[in-house]
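Colleague: Before we discuss this model, could you put the sequence and the coordinates on the screen, so that we can go through a few local features together?

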Amino acid sequence: AKISKVAAEKALETYIKVVGTELRKTGRLSLVGFGTFTCARRKARMGRNPKTGATIKIPARKVVKFKSGKTLSELVSRM
């Protein structure tokens, strides 16, 4: 893109902030050709600490899911 690292970092931070704001408001953001971001709830569950083997409770939380759009998927499949 021929921009400085500082400008690229600022652009990426702004993009992430806008996506996060929209997901908080509506729970969904579609970018035609690129893909769709959605919010989902992950249930609480039991897990295992890989270091100690102890059983731990993993709390419920919101997660972001992404499904690539047709254009992006086609680009990747041609690689």
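Colleague: Which residue is the bridge partner of Arg45 in S4?

Modeller: This is a predicted model, and in it strand S3 (residues 45-48) runs antiparallel to strand S4 (residues 55-58), the two being joined by four bridges. Within S4, the bridge partner of Arg45 is Ile58.

Colleague: Which residue takes a positive phi in the hairpin of S3 and S4?

Modeller: The hairpin of S3 and S4 has six residues between the strands. The residue there with a positive phi, near 80°, is Gly53.

Colleague: Is Phe37 buried or exposed?

Modeller: The relative accessibility of Phe37 is 14%, and the term buried applies under 20% relative accessible area. Phe37 therefore counts as buried.

Colleague: How are the rings of Phe34 and Phe66 arranged, stacked or tilted?

Modeller: The count of aromatic pairs comes to three. In the pair of Phe34 and Phe66 the ring centres are 5.4 Å apart and the planes stand at 50°, so this pair is tilted.

Colleague: Where does the largest share of the nonpolar patch come from?

Modeller: A nonpolar surface patch of about 480 Å² is made by Leu12, Tyr15, Ile16, Phe34 and Phe66. Of these, Phe66 lies in strand S5 (residues 61-68) and is partly exposed, with a relative accessible area of 39%. The largest share of the patch, three residues, comes from helix H1 (residues 5-26).

How values were computed:
Residues numbered from 1 in each chain as written. Predicted model: local features only at pLDDT ≥ 70, side-chain atom pairs only at ≥ 80, totals over all residues. Heavy atoms only, no water. Pairing = 2+ DSSP bridges. Patch = residues over 30% accessible without salt bridge, like charges linked within 9 Å, V, L, I, M, F, W, Y side chains within 5 Å. Areas by Shrake-Rupley, 256 points an atom, 1.4 Å probe, with all protein chains shown as cover. Salt bridge = Lys/Arg side-chain N within 4 Å of Asp/Glu carboxyl O. Buried < 20%, exposed > 50% of the residue type's maximum accessible area, 1.4 Å probe, protein only. Phe/Tyr/Trp six-rings, centres within 6.5 Å; stacked < 30°, edge-to-face > 60°.
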